[in-house]
Every structure is written in structure tokens, then in C-alpha cells.
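This report is meant for a reader who meets the structure for the first time. Please look through the sequence and the model before reading on.

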Amino acid sequence: MHNVLLHIHPAKVSEASLRFNRTFGLGGMAALLIVIQIVTGILLRFYYVPSPADAYNSIIFLKSQVIFGQFIRNTHHWSGVFLLLIAFLHFLRVFLTGAYRDARKINWLFGLVLLLLIVFSNFTGYLLPWDQLAYWAITVGTTIISYLPLAGNGLRTMIIGGKELNAGTLQTFFNFHTAVLPFLLLVLVLYHFWRVRKAGGVLIPETDEKAEMVPVMPNLVFREFIVALVLLAVVLIFSALVNAPLHEKANPAYSMNPTKAPWYFAGVQELLMHFHPFFAAFIIPAGVMVFLAWIPFIRSGDKPTRHWFFSEKGKQSSKATALFAVVITVAGILFNQYVLNFEIAMPKIPALVSNGIIPLVILLFLMAIYYWIYIKRLRLSRSELVQVLFVFLIVAFIVLTIAGIFFRGKDMELTFPWRV
Amino acid sequence: MNNRIKHQEEKDNPTKSEISRRDFFGLIWKSLGVLVGIEVLGSITAFFYSAKNKSTTVAKQLLEAGPVSSFGMNSVTAFMGGRFYLARLQDGGFIALSLRCTHLGCAISWEEKRKRFICPCHSSAFDINGEVLNPPAARALDYYPVMIENGIVKVDIGNLKERNTFNKEQLTYAQ
């Protein structure tokens with residue numbers, strides 16, 4: 001074991017890379033959570049039956065008859081949630097410290113693929129309990145697919161194997177969740193780590209380049225061990241205290257009110273409340289994904305600083321943009337909900353225009369005003385501009401997600417979190 | 001190293017042959033690789049689709065709803081087992097409406113007081129014909145063909161029809 005630990009590390013690392021606030025250990029945490037998922041997932045497989053008739057009962061059995069059954073299920077559920085959150089934070093960290101340039105370009109893309117695989121793992125796992133929550137969340141989540149232009153309907157039918165969720169869907173999701181996705185995840189995580197090491201390890205600011213090289217053992221290995229233990233403790237304590245949700249058995253004839261997509265798609269669902277589905281489910285998400293994948297290939301011309309937020313100006317503009325994104329997103333939600341519903345206000349115009357193009361143009365116009373009034377005066381470099389756009393999109397996405405999870409109650413009306 | 005020099009010589013001396021032996025074999029290996037790739041992809045596709053086409057040959061799944069006389073004018077009856085609402089309009093026409101909201105697929109419910117279908121997910125509303133009363137839903141409710149044989153109303157629940165709006169041709173009348 002000792003040898004293995006030393007073998008997967010370099011012999012020496014820079015002292016500067018050991019500082020906790022350089023990486024917050026997020027990548028390592030995500031790797032540990034994947035290991036937890038694999039171990040608890042294998043245990044759950046011994047009891048779980050992937051058929052609509054038995055799936056729910058097998059979970060009731062697990063909860064009520066099996067020693068630690070409820071605890072293992074909780075651990076699997078919550079560490080899945082943590083994994084998505086930690087991987088998202090890792091993605092933010094990598095961007096905001098500029099660790100996606102030069103030798104790390106391709107690894108940025110693989111990181112995005114890993115993030116998507118983690119989302120799909122969560123999504124496929126969400127269906128498996130076959131309770132009301134699972135059934136309707138996946139119904140809503142997969143129906144969003146059918147709004148993709150041209151192929152959408154066919155794609156949805158192919159994914160769920162019919163017009164509505166059925167035994168085949170459950171088997172397909174189970175197979176992806178317990179075989180295809182974990183296998184891909186494992187292979188790509190190893191590759192992801194290997195490329196980090198090949199790129200020279202954790203990226204450190206150039207001002208720290210002269211920092212001393214220290215042996216990995218004990219300097220890095222002990223630090224990793226401590227982070228791992230703390231994370232493990234947090235996951236286990238949380239799982240001991242909070243039960244994973246389980247509602248009544250799925251009933252295809254009766255929808256829950258409200259019915260929400262899984263929480264990580266709550267942002268997209270919130271967007272669907274405000275934009276025509278073609279924009280909410282396709283144009284906007286696809287545009288954001290293309291932008292994210294394109295980031296390392298944008299020619300900046302400026303010398304990378306590798307500091308958090310690039311520079312002082314970068315930090316200042318990011319803070320202001322985050323504030324702008326919060327204000328405009330919240331205002332947009334409230335305005336659309338209470339003041340003007342574009343689709344109802346313009347019944348003669350196709351919804352694609354009245355509820356798609358028009359609000360999008362208004363949004364872009366407001367962003368342009370913000371740019372002219374504030375951002376332009378800062379004379380930001382290309383990298384800092386990309387960062388401003390990134391911060392705007394991420395913060396808007398977070399606000400939408402929070403609104404969808406915590407502020408949508410009965411009939412999907414806006415309400416306060418304690419009434420949801 | 002020696003080989004590489006030789007290889008270079010071959011390249012520098014095009015009169016000897018247009019394609020060197022090494023390049024030729026390289027090309028063959030690559031073509032074989034592509035061929036194997038196509039075979040594997042084809043096999044996987046066949047593996048997934050061969051059984052599916054066979055299992056969907058069921059023609060008609062008729063569900064007997066009941067005698068015509070048991071459905072009043074301007075009434076809606078729920079058939080949760082068949083996942084549809086059987087509506088009889090004012091003029092006596094029948095239509096079997098799918099209970100899936102056309103927005104995001106939630107199950108709608110009939111509100112007798114206001115004579116309309118309501119979706120609990122995003123508050124889309126539909127009238128008794130299945131026509132949209134309130135967005136976000138954009139299309140009228142899907143429906144199943146209704147047949148009336150010997151005074152018995154039957155619904156073909158294996159044959160879901162999609163439509164954008166309601167029109168009279170979607171209705172079935174008792175003779």
C-alpha cells in the first residue's frame with residue numbers, strides 16, 4: 001500500500017503547490033467520492049432489483065430489514081450529491097486560477113467530459129428507486145430532450161425505449177448507472193490525473209516558481225490523508241443524520257405537485273419557465289457548453305499569471321459581474337413572473353419569437369449596456385473578458401438553480417423556501 | 001534508426017516507386033482498422049435494434065370503455081389504467097385524451113368545476129377538446145383513436161396520436 005501511494009505520486013513536489021487554498025484539494029476529494037460511490041454502489045447492487053414491479057420494494061426491504069441498509073443508501077445518495085458539488089467547485093477552481101492553458105488544454109476538455117459523466121451518473125441513478133420523486137423527475141428531465149430540434153422526439157424515444165417510462169427504461173438506466181458510466185468514469189479519471197502529472201503537477205503562480213521542492217512523503221501524502229479523513233467523516237456523519245428521500249411508489253397516473261426535475265437540472269427547468277423550450281433546453285445550454293469547451297483555445301495574447309482571478313482588475317470585474325448576474329437574474333425571474341409574460345402578452349406572435357428571441361435580445365441588450373457602462377472602462381485583457389463572461393454565466397446558472405430548488409412551490413409558483 | 005534512414009531514402013527517391021512498401025502496408029493496416037471499426041459498430045447497432053423491431057409488432061390494443069349511453073354529453077371520464085380521459089363533447093362526439101401534458105409530460109387532472117384540464121407541474125390548462133387554454137404547453141393534448149362498435153366505445157391505446165390543434169375529424173360519433 002505504501003509503495004502504491006508513492007508510485008502514483010512524483011518523488012518531489014513544489015512547496016507552493018501544497019498550500020491548501022491553491023486547490024482546496026477538490027480534485028482529490030472528487031476522486032475519493034467516486035471510490036465511495038463504487039463501494040456503496042456495489043453493496044446496494046446486492047439488494048436492488050431493476051424492475052418496475054420490484055425496485056421500490058427492494059429499497060423498502062433494504063431500509064427496513066438490512067443492517068446498515070438505510071445507512072449505505074444514504075451514503076450513496078449524499079456522496080453522489082457531494083460529488084457533483086465538489087466536481088463543480090473543482091471546475092470553478094481550475095478556471096479561476098487559469099489552470100486550463102498550454103499543456104492543460106486537452107485536460108480541460110476531459111474535465112468537462114467527466115463533469116458531464118457525473119451528471120449522467122446522478123441522472124440515471126435518480127430513476128432507480130422508482131418512487132414518485134424518481135418517476136416524475138425523470139419524466140420531466142427526459143421530456144426536456146424532446147424539445148431539441150429535429151431529432152429531439154426520436155432521441156427521447158430511443159433513450160427511454162418508448163413514449164413513457166417503462167421497464168426497458170429502468171433496465172437501460174440501471175445498466176448505464178452501474179456499468180457503462182462507472183467504467184468510463186474510472187478510466188477517464190485515471191487519464192485526467194495522469195495528464196495533470198504530465199503537465200508538471202498542480203499549477204503554481206510564477207512568483208512561486210522558485211519555491212523549494214520537497215519530498216512527497218510525508219509532505220503531500222499526509223495532507224491528502226487528512227483531507228480524505230475529514231471528507232469521509234463529513235459524508236458519513238451527514239448520511240447518519242439525514243435520510244435519502246424516498247416517496248411513495250411510482251404512479252404513472254398521478255403527478256406530484258410540484259414536479260421538479262432532479263436538483264442539478266433545476267436551473268434548466270427554471271429557464272424553461274421563462275424561455276421557449278427551444279431556447280431554454282437547446283440554444284442556451286448548447287451555447288454555454290460550446291463556450292466552456294472553447295475557453296482554452298481562445299487566443300489571449302496576455303501572459304498567464306496563474307493567480308486567482310488573473311489579476312486585481314480581474315478580481316474587481318468578477319465581483320461586479322457576479323453582483324450584476326445576481327441582480328439581473330433575480331429581476332428577470334420576478335419581472336417575467338409578475339409583470340410581463342411575453343407569451344401571454346403577445347398571443348398573435350409565435351411563441352418561438354415572443355418567448356424566445358424577444359426576451360433573449362432584451363437580455364443581451366442589458367448585458368451590452370453593462371459592458372459599455374462599466375466593463376469597457378476597465379480596459380480588461382482578453383483573458384479577463386473571458387473570465388467576466390464565465391462568471392456571469394456561472395452565477396446566473398447558480399441563481400436559476402437556487403430559484404428552481406428553493407423558491408418554486410405548489411403549481412411551480414414562486415414562494416419562500418420554508419413554504420416549498 | 002537504420003530502418004528510418006532507409007525509409008527516408010525511399011522517400012527521397014520517388015522514381016523507385018510512388019508508394020513505398022512501408023507506406024503500402026501501413027495503408028492496409030489502417031484500412032483493416034477502419035473495417036473492423038465499422039464491423040463492430042454495425043454489430044452493436046444490430047444487437048440493439050434487432051429485438052426492438054420484433055417486439056413492437058402488436059397491432060391494436062383495444063380497451064373497452066363501456067356503452068355509449070353511459071357517457072353523458074359534456075362529460076369527462078378518467079381511465080387511469082389506460083392513461084386517458086374519455087371526453088364526450090356537447091354534440092356527442094368522443095375523444096380519448098392522453099393524460100400526459102404536452103409541455104413536460106406530467107399527468108394532467110380534470111377540474112369539473114371549471115371544466116378544464118390542469119397540469120400540476122407548470123399550470124398549463126386545456127379545455128375539454130384538449131386545446132391549450134394556458135401556456136407553457138404549446139400543443140393540444142395527444143389523443144387515442146376511438147371506435148364505436150355495436151354501441152360499445154373502444155379506445156385504441158396502442159396508437160397515440162400527436163396533433164398541434166383540435167379539429168372535428170379527431171372526434172368519433174355514435175351512428
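The model is predicted.

| Helix pair | Axes come within | Crossing angle |
|---|---|---|
| Helix 6 (residues 105–127) of chain A and helix 9 (residues 167–198) of chain A | 9 Å | roughly 155 degrees |
| Helix 13 (residues 312–339) of chain A and helix 16 (residues 382–406) of chain A | 8 Å | roughly 35 degrees |

Helix 6 and helix 9 of chain A cross at roughly 155 degrees. Angles over 145 degrees count as roughly antiparallel, and the two helices are therefore roughly antiparallel to each other. Helix 6 of chain A passes helix 9 of chain A in a left-handed crossing. In their contact, 17 residues are nonpolar, 7 are polar and 1 is charged.

Helix 13 of chain A, by contrast, passes helix 16 of chain A in a right-handed crossing. On the side of helix 13, the residues that meet helix 16 include A:K313, A:G314, A:S317, A:T321, A:A325 and A:I333. Among their counterparts in helix 16 of chain A are A:E384, A:Q387, A:V391, A:F392, A:V395 and A:L400. The residues of this contact divide into 13 nonpolar, 6 polar and 2 charged.

**Helix 4 of chain A**

Which residues of helix 4 of chain A are buried? In this helix, which spans residues 55–65, they are A:A55, A:Y56 and A:I59. Viewed down the axis of helix 4 of chain A, these buried residues fall within an arc of 100 degrees, so they line one face of the helix. An α-helix has 3.6 residues a turn, so residues three or four places apart point the same way. The buried residues of helix 4 of chain A pack against helix 9 of chain A. The face turned away from the buried side of helix 4 of chain A carries A:S64 and A:Q65, which are exposed.

Chain B contains 2 helices and 11 strands. Read from the N terminus, its elements run α-α-β-β-β-β-β-β-β-β-β-β-β. The chain has 175 residues, of which 25% count as buried. Of the contacts in chain B with a separation of 6 or more, 45% join residues 24 or more positions apart.

Conventions. Residues numbered from 1 in each chain as written. Chains lettered and ligands numbered in written order. Predicted model: local features only at pLDDT ≥ 70, side-chain atom pairs only at ≥ 80, totals over all residues. Axes fitted to C-alpha atoms, helices over the stretch in contact; angles between N-to-C directions. Helix = DSSP H or I, 4+ residues; strand = E, 2+ residues; numbered from the N terminus. Parallel < 35°, antiparallel > 145°, perpendicular 65-115°, else oblique. Left-handed = near helix turned anticlockwise from the far one by under 90°. Nonpolar A, V, L, I, M, F, W, Y, C, P; charged D, E, K, R; others polar. Buried ≥ 20, exposed ≤ 12 C-beta atoms within 10 Å, placed from the backbone. Arc of directions from axis to C-beta. Contact = placed C-beta atoms within 7 Å.
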